[in-house]
Amino acid sequence: MTLFSCVLVIIAVFALIEVPLFTIFAALAFACLYFVDSDVDNMQTVLIELNRLASTPILVALPLFTLTSCILKDTKAPQRIMNFMESLVGWMPGGLAIAGLLACAMLTTLTGASGVTIIALGGILYPMLINKGYSERFALGLLVTGGSIGLLFPPSLPMILYGVVAKTDIHDLFNGALIPGIVLILIISVYAFAYDFRRRRAAGLQLSDRPFHWKDVASTTKEAAWELPIIAIVLVGIYGGFVTVNEVAAVILMWVLFVEVIIKKEFALFKDLPRTMLEAAVLTGSIITILGFATGFSGYLIDEDVPTKLIESLKSISENRLVFLLMMNIFLIFIGCVMDIFTAIVVVVPILMPIAEQFGIHPVHLCVIFLVNLEIGLIHPPLGINLLIASSRFKKPIDELVWASMPFLFLLLLALMIVTYIPWLSLVGIGK
Amino acid sequence: MLKTLDRMLEKAESGMLVLLFSALIILMTLNIVQRNIFGQSSQLILEFLPTMVMWISLLGASLALRQGKHIRMELLVRFLPPRTQLTLQRFIGAFGACVMGIGFYLSLDFMAGEMKIFGLRGYLSSIIPFFFAISCFRYLLQIFYPHVEAH
């Protein structure tokens, strides 16, 4: 065993005993670059890569969106958004579940599936679902899954990070991912509808216990009138192409501050904002340091031609694009189980991009496949982070949550197959 | 003594973070207004914003280390008894201090290079040695004062 191998094993052991990942990637990058020709100067590359982040303009959006999500979760905005969604779709069988799903999706686009959705909406939605007669198992499964739905909608933070790492146009990613995102929501909504329809029929209940009333919609719209423009700002800003993603982030933040501080008075500017800024900085810092150090490490892997070697070995197994897509999905689900979403993007995307290109997969299609896989990884046993967060939030054992989320897991796998093997869904949005 | 120093550092970092975050929001808003009224963005602001994000991120990261909020694998440790977890914390502290120490040593050379190339503008990168130094200090502190992380 060479000294280099020993160092790598030691670093792997420290990763297993939970040294923060930014330190692990710093150690990996330092070690790999040093052992190229035992030259300390090579290690400077890590710092150069870290410093280069300061010339990546799109990264400005990251702390701004993070701050917005931290502010929103501390107010009653999630409840108002939930009420609005319920007034729209609550009349149909499964309506409350679908409303919950839509509210989760809206919050997750801003929070990047960091578990904030389960914490912010779980406490509101869980008792509502139980009171309406949904089984505990269904309610838990829906909430575990809802915490990851929404990554494909703008202004999804993981998608912004993906664009930075893959050097792909963010607008293209947002445009391409929109239809696959809707497909995902539709599949789970149809399941929620069918589940509730059968439950009501079996129990001899009315198909709906909340008839649709325009009055209801008007009153919940009025209640959430100040939060709903966020969706409009995102849609007009990003899809209209009037402003940059960074500017959208700033406009939304200013809007949320104006609404929650001045109009709703649920957020104190001088008391709450500094605390929330620190919370957002800590979250941003833990993501960007991984990005900075992992860039040095993945740069080494690319210099050592690791992607080319992987392409050769994959091609020796099969040159068929469909087989490659299947193997890639299995690999990515595994990655989604053991890595958090931001780390997975930073580490895996630079290696996967050239391989996928060889097999003729468009970068936008790859992004969609990648994010759906990571959504699945978040609820996949044994290490899906949403299972862990839901376990502590609802005080339920992990195995109960695994069983509860199983039907949703299968639905997401079905959605994954659809978006993987019908690239048109991802490419029609960018006119390909 | 060491803990007091850590608390003082935390206060200084928190103050700087709030200032930088506020400045980021104000500058970003000013730039949007300027672009829409005068038809052009301020190049200086556009160049400066990513550097501010860099400072916010590295200060936030060193604060995350103090609060135990960094992203980690979370595979095994939760299943170990508290005493073993405490011992592991000391090892983690030693490993982290070594890595961050190497980073600090390299960053001094890096800073010298930046100053040589960019002059005073090179100071914009000075957060890098600060980050490595504070992180190294916090890992060292973990050797002497280990604590079990809440999972």
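Guide: Helices here are DSSP runs of H or I with at least four residues, strands are runs of E with at least two, and both are numbered from the N terminus. With that reading, A:Leu322 is placed in helix α16 of chain A. The model is predicted, so local features need pLDDT of at least 70 and side-chain atom pairs count only at pLDDT 80 or more, while totals for chains, interfaces and linings use all residues. Residues are numbered from 1 along each chain as its sequence is written, chains are lettered from A and ligands numbered from 1 in the order in which they are written, and side-chain values use heavy atoms, leaving out hydrogens and water.

A:Leu322 is partly exposed at a relative accessible area of 47% (buried is under 20%, exposed over 50%, partly exposed in between, with a 1.4 Å probe and protein chains only). The residue belongs to a nonpolar surface patch together with A:Ile179, A:Leu326, A:Ile330, A:Met417, A:Tyr421, A:Ile422, A:Trp424 and A:Val428. Patch members have over 30% relative accessible area and no salt bridge; nonpolar side chains (Val, Leu, Ile, Met, Phe, Trp, Tyr) are joined within 5 Å, like charges within 9 Å. The accessible area of the nonpolar patch is about 780 Å² in total (Shrake-Rupley, 1.4 Å probe, only the protein chains shown counting as cover for residues). Two elements of chain A, α16 (321-338) and α20 (398-421), each give two or more residues to the nonpolar patch. Helix α16(A) has the largest share, with three residues.

Since patch residues may hold no salt bridge, the charged pairs are the next thing to check. A salt bridge is a side-chain nitrogen of Lys or Arg within 4 Å of a carboxyl oxygen of Asp or Glu, and the structure has 18 of them over all chains.

One network of salt bridges links A:Lys73, A:Asp74, A:Asp272, A:Arg275 and A:Glu279. Within it, the closest N and O atoms of A:Lys73 and A:Asp74 are 3.1 Å apart. Both residues are partly exposed, A:Lys73 at 24% relative accessible area and A:Asp74 at 30%. A:Lys73 also pairs with A:Glu279, where the closest N and O atoms are 3.0 Å apart. Because A:Glu279 lies in helix α14 (residues 269-303) of chain A and A:Lys73 in helix α4 (residues 61-73) of chain A, this pair ties together parts that are 206 residues apart in sequence. A:Glu279 is partly exposed, with a relative accessible area of 28%.

Another salt bridge joins A:Arg199 to A:Asp196, with the closest N and O atoms 2.6 Å apart. The two are separated by about one helical turn, because they stand three residues apart in helix α10 (residues 170-203) of chain A. Both are buried: A:Arg199 has 16% relative accessibility and A:Asp196 has 0%.

B:Cys98 is exposed, with a relative accessible area of 51%, whereas B:Cys136 is buried at 15%.
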